[in-house]
Amino acid sequence: MWKQVVLVVTLASSLFEPSWAGLKSLRPQIAPSKSRIIGGDEVEPHSVPYQVGLRINGNSFCGGALISPNYVLTAGHCGVVIRSVEVILGAHNISNSNEDTQVTIAGKQTIMHDGYDDDTLRNDVTLIQLAEPAPINDNIQVIPLPSSADKGRSYLDETVFATGWGLYKDVPFPSTRDMSDVLLGVEVPVSNLTECQIYYNDEDTYVVDTNVCTSGYRNKGTCDGDSGGPLTLDGVLIGVTSFGTDQCELCSPSVYTRVVDYLDWIAENSDVEIQDV
């Protein structure tokens, strides 16, 4: 399985090995520095204005979601390797730094969930505080979070939307050349959590109640390089891309951190106000 951060191949071994050792077949979503959605399509440019790209330590890549002008929400396994991070906002073609809608802002502070576990990927969430507020415009917008009234919601059988610049096909030893230049999106149904647990959990427990799983039916889902990116329902951020298998085209489920279970933590560590209804 993968947890998706995306590293250039020359650095992959130093960052992959600790997670591989603890996760056996679980691959870090620290993947080669460019990758993309499986079975998806190019989105209309700038139709996902809350999507951000994270250039980590100058040579790694993750996705994220802008949840306030000052904060980005991403995966814990992306945050744990950060020494420096540039947040790319307003991008469609992530490889084109001359795209006139793109804005790059340095990350000021990385706030890891204190319960994050790199072996099990439990509590796989991180906040990044921006060094300056993001300019809010047609191409850069904040995505709303679930309300506290949604805390018991399973999302079962709902059709949700995942986006990212990750791998679009399985590639041995992927590199930045395998990354999608343009943002891709895919609609996928939320699957039964128990079935997802049977798929991934053996003597170790990876999938828990604070996860959302989506079906990989017809080769649709997230893959290396999509880590930390948004999973949405009706324009609301319900998940953060966490992990899957190391063979993304085998129709296996994709696993996300369930945002609704982290509302209190987000409110305590950012300037986001959680709605009650």
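The disulfide between Cys196 and Cys213 (a disulfide being a pair of cysteine sulfur atoms within 2.5 Å) is left-handed, with -75 degrees about the S-S bond. The two sulfur atoms of Cys196 and Cys213 are 2.0 Å apart. Distant parts of the chain are linked by this pair, Cys196 lying in helix H3 (residues 193-200) and Cys213 in strand E11 (residues 211-214), 17 residues apart. Helices (H or I, at least four residues) and strands (E, at least two) are DSSP runs, numbered from the N terminus. Cys196 counts as buried because its relative accessibility is 1%, and Cys213 counts as buried at 1% as well. Here buried means under 20% relative accessible area, exposed over 50%, and partly exposed in between (1.4 Å probe, protein chains only).

The model is predicted: local features need pLDDT of at least 70, and side-chain atom pairs count only at pLDDT 80 or more, whereas totals for chains, interfaces and linings use all residues. Residues are numbered from 1 along each chain as its sequence is written, and side-chain values use heavy atoms, with hydrogens and water left out.

The structure holds 2 disulfides. Cys62 and Cys78 also form such a bond, with 2.0 Å between their sulfur atoms. The link of Cys62 and Cys78 is left-handed, at -80 degrees about the S-S bond. Cys62 belongs to strand E4 (residues 60-68) and Cys78 to helix H2 (residues 76-79), so this pair ties together parts that are 16 residues apart in sequence. Both Cys62 and Cys78 are buried.

Aromatic pairs number 4 in the structure. Rings of Phe, Tyr and Trp (its six-membered ring) pair if their centres lie within 6.5 Å; planes under 30 degrees apart count as stacked, over 60 as edge-to-face and the rest as tilted. Tyr199 and Tyr200 form an edge-to-face pair, with 4.9 Å from centre to centre and 65 degrees between the planes. Tyr199 is partly exposed at 45% relative accessibility, whereas Tyr200, with a relative accessible area of 5%, is buried. The pair of Tyr206 and Phe243 is edge-to-face because the ring planes stand at 70 degrees, with the centres 6.4 Å apart. Tyr206 lies in the loop between H3 and E11 and Phe243 in strand E13 (residues 236-244), so the pair ties together parts 37 residues apart in sequence. Tyr206 and Phe243 are both buried. One aromatic cluster is formed by Tyr199, Tyr200, Tyr206 and Phe243.

Overall, the protein chain has 4 helices and 14 strands. Of its 277 residues, 56% count as buried.
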